[in-house]
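Trainee: I would like a close look at one part of this model, taken slowly. Please keep to what can be computed from the atoms.

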Amino acid sequence: MTPRLDYRAAMRVVETALLLPGQGLEGDRWRGAATGGRQVTLIAAEHCAAIAACLGLEAAAPERLRRNLVTAGLNLLALKGRQFRIGEVLLEHSGECHPCSRMEEEFGPGGYNAVRGHGGITARVIAGGTIRLGDPVARA
């Protein structure tokens, strides 16, 4: 019998991570299927600030949004339909990462609507490897 995953487990903030081709982040409680598009989720730090402003909060920590990777200074939607690199890892944009009903639980009333349009993107891991905090994001 396959053990049940704890989808409400606390997110861990790390400085390095191993991304596995066709799977996602090693050790992630929600690794995607080899043919699935949601192997890794990314959000821009600027969107976290926009979400916080919409909710009247000082900040909206990325781990509260349950995303895997946080970028800065890059419009993630510009990667639509493209492959891109973070450090030695090759990723491929696979869609937008829409909010779920948990945003109401996490941020209270209005949480879901505050995240709409600011949820980031999903990606597939094409070529795996290690990424590190501060690695640049570049189109492949």
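Which residues have the most contacts inside the largest nonpolar core, and how many residues does that core have?

Mentor: The model is a predicted one. Its largest nonpolar core has 17 residues. Those with the most contacts inside this core are Leu19, Val40, Leu42, Phe84, Ile86, Leu91 and Ile131. Five strands each supply at least two residues of the core: β1 (16–20), β3, β5 (83–86), β6 (89–96) and β7 (121–127). In soluble globular proteins, nonpolar side chains tend to be buried together.

Glutamine 39 lies in the loop between β2 (24–25) and β3 (40–44). Its relative accessibility is 1%, so glutamine 39 counts as buried, the limit being under 20%. The side chain of glutamine 39 reaches the backbone nitrogen of valine 125 at 2.7 Å.

The cysteines can be treated briefly. Cysteine 48 has a relative accessible area of 6% and is therefore buried. Cysteine 100, at 37%, is partly exposed, because that value falls between the 20% and 50% limits. The closest cysteine sulfur to that of cysteine 100 belongs to cysteine 97, at 8.6 Å. A disulfide needs two cysteine sulfur atoms within 2.5 Å, so this pair is too far apart for a bond. By this rule, the count of disulfides comes to 0.

How values were computed. Residues numbered from 1 in each chain as written. Predicted model: local features only at pLDDT ≥ 70, side-chain atom pairs only at ≥ 80, totals over all residues. Heavy atoms only, no water. Helix = DSSP H or I, 4+ residues; strand = E, 2+ residues; numbered from the N terminus. Buried < 20%, exposed > 50% of the residue type's maximum accessible area, 1.4 Å probe, protein only. Polar contact = N/O pair within 3.5 Å; in protein donor to acceptor, adjacent residues only side chain to side chain. Core = buried A, V, L, I, M, F, W, Y, C linked by side-chain atoms within 4.5 Å.
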